[in-house]
Amino acid sequence: MFRTILIAVFALAAIGTGAWGYQEHQEKNELLIQAENNYQRAFHDLNFHIDTLEEKIGTTLAVNSRDQISPSLAEVWRLTSQAHNEVGQLPLALMPFNKTEEFLAKIGDFSYRIAIRDLEKEPLSDNEYETLQKLHQKATEIKNELREVQALALENNLRWMDVELALASDDKPQDNTIIDGFKTVDKNVEGYSEVNWGPELTKMSERKDGKYKNIKGDPISKKKAEQLARKFLDLNSDVEIRVEENGKGANYGAYNLKINNPKTDVSTFMEITKKGGHPVSIISDREIGERKLSLYEGSEKAQQFLKKHLYNGVELSESDQYDNTGVFTFVQVKEDVRIYPQSVRVKVALDNGDIIAYDGLDYLITKNDDRIFTEPKLSKEEAKAKLNKNLKVNEDHKSVIINNLGEEVLCYEFLGTINNETFRIFLNADTGIEEYVEQLE
Amino acid sequence: VSGTFFNSFFCIKKKVLQKTIVTICLEQFIKEALNMKWNSTLIKIPLLVLVCLFAITASLSQNEAQAFSSQVIQHGATGDDVVELQSRLQFLGFYNKKIDGVFGWSTYWALRNFQYEFGLEIDGLGGAATKAKLEKASKYDEGFVREQIRQGREFTYYGGVPKEIQTEKNPQGQAQQPRQQRGQDAQKQGQQQNQPAQPNQERQNQQDAPEEQDANKGGQADNVPSGYSENDIKLMANAVYGEARGEPYVGQVAVAAVILNRVESSTFPNTISGVIFEPRAFTAVADGQIWLEPNDQARRAVHDALNGYDPSDGAIYYFNPATATSGWIWGRPQIKKIGKHIFAD
């Protein structure tokens, strides 16, 4: 009797466990399918958008009227951004698909530039037409290759979950069809890096690469870097400093210093360029005590710090309080012109006024003592007349900013309000073009 | 004009004459306003009624005008002084936005307008002279304002309007209050005809309020680096905490900077969330550690990164050499090692 009951109980328990296990299994499968479906959707969307992209570039080649070119190039721009977005949803993060993504981004930039241009004044040039032809050719190739991968995936029920697994276990050679397909696409794009993107985009990327050329001076030794840091930060001799060089992937040669203050137990991180020994940045972290200084007093501390380190003619342009710290941005001012790119940031602890962070990289790479301002073609009043009629101007300055082509331009800067909202508008002092407009909080 | 007028009155000491000062002062203030702007006799009468009502209210509720701290208040500041500044500017009708304790541009313009109207030096700073003049020209009921902020209510603080109608009563309890009634409230406010305030009840409310420092912060806002929202910061802090919580502070700033560098890069998604949730991009996202509650340090690190600090020198990858499974990542040009992470281009 007792045995039968026991058996019955066990049997029930076994059935219960089984049922529970089965249910868990089902649920897990459902989740996996859901994840897989998300990947599938992104993948097929990507294919669809690359298809349309190719088609649209083709259309641009065929049409002749300016009324048609702008909209279809705007469409190209939109499609590249869609495709870009979908690539970001696929589990490719560590797989080299970079070239293709870069290529897509460049097609986007290129078509955007032309789409927003006044084609009546500046029609499509022969070079640009040629570029479009090449892009079309390239897009066709990408499209065909991706189509093939898609067909294989559909035919053999290939799953993106397997791609993810294959990528995760990197040791064994990957023989995943989807991965191979994407690798082929990327390899082919590489061959097309000589596409002529036109002077604007070329200049932009040149400026990006040449950004750090402005760091000049004789190379310094590790020892010298340490001495400079001690002087810059006013450190006692008992403070430990460890110096390391940065690697070859860096944009510029620099020493990284780890500074440990045994007394306060605060560690500070500092970077000094090898060339010239310019301090690039300082960051330290500690618990900030109760606030004793106002933001205003903090800004005075920051100013003193900069004065001590030979920043002449910088002016406070922005101040913000975060918890008990103040972050201050100073810009170079020359002949009453604010040079926004040449800015330096200082962070002050508002408990005792210590400088806890400093960022001088922008200042360093844009420092140019020989900057000459030509007399602007527009007067301030003429520029003002070009503003939106609803803007109530409260303040104005002359300033230099970097426009969206990466060039420094002299502007009139107007600060004003429309319906209680504050806007900052930079008008090119020569052409009167609104170079940059932002809403301020 | 008004500047000299106020000067002459406010050399008289407080307390004893408080009532009369306030009354006379307001009458004069309104008179001046009438001379300057409103010429319609239609508005004059209700306004005068209002002045009387206000005088009664003011003398009944004996809330001492709360004084600013001695510190100069500057654009970008946050905290109690800013709340008081905004309240006082709103009391005088210069400031029309939310009283949130963040000295933004709207507060800046309001302060400058105040300085202009009252013949002060127009520098947009809350210095000693400006604060003194503000204290004299306006009233500040700290208890009321703090209570509203603590409870996260929508409220305004215009002078001459009974406080009761400048706030929503019991926002939770009466959430379903019919629209129409609110509309009427607003209308009443517009016509500025209302019963005098009930100071007793109000003071009781204030006493009930817990005096905790943190609780007071309730609806008071914080500064956010421009172009980002409080939610972006939260999301990034989650990612940084999940990815690098054992790392030195600089290492955390660097991880946050990598996220931002990826947003800028053409080979990664263009939004913070797109970068963070890109499949296989971050292990902390994959294993759910991103949903741990981030600490203050992680938030600070994100703030620094958003403000432009980039200790990674433009890196878009980083990995832990001890646990990196991908051989490919080792092939990236390395920039530097911070803590356990190697940052690469």
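1. A polar contact is a pair of N or O atoms within 3.5 Å; within protein, one atom must be able to donate a hydrogen and the other to accept it, and residues adjacent in sequence count only if both atoms are side-chain atoms. By this criterion, 24 residue pairs, both residues at pLDDT 80 or more, are in polar contact between chain A and chain B. In the side of chain A that touches chain B, strand S5 (residues 314-322) of chain A supplies the largest share, 5 residues; helices (H or I, at least four residues) and strands (E, at least two) are DSSP runs, numbered from the N terminus.

2. The model is predicted: local features need pLDDT of at least 70 and side-chain atom pairs count only at pLDDT 80 or more, whereas totals for chains, interfaces and linings use all residues. Residues are numbered from 1 along each chain as its sequence is written, chains are lettered from A and ligands numbered from 1 in the order in which they are written, and side-chain values use heavy atoms, with hydrogens and water left out.

3. The predictor assigns the complex an ipTM of 0.87 and a pTM of 0.78. For chain B, the average pLDDT (the predictor's confidence in each residue, from 0 to 100) is 73, and 66% of the residues score at least 70. The pLDDT is below 50 over residues 56-65 of chain B, a stretch with 16 contacts (heavy atoms within 4.5 Å) beyond near neighbours in sequence. It is also below 50 over residues 171-217 of chain B, where 45 such contacts occur in the model. Where pLDDT is low, the predicted coordinates should not be read in detail.

4. The contact between the chains involves 65 residues from chain A and 54 residues from chain B. About 5000 Å² is buried between them, 50% of it given by carbon and sulfur atoms; buried area is the accessible area (1.4 Å probe) that two parts lose on being put together, summed over both.

5. Between chain A and chain B there are 6 salt bridges, each a side-chain nitrogen of Lys or Arg within 4 Å of a carboxyl oxygen of Asp or Glu. Arg300(B) and Asp285(A) form a salt bridge, with the closest N and O atoms 3.1 Å apart.

6. Within chain A, Glu141(A) forms a salt bridge with Lys138(A), the closest N and O atoms being 3.1 Å apart. Because these residues lie 3 residues apart in helix H4 (residues 126-155) of chain A, about one helical turn separates Glu141(A) and Lys138(A).
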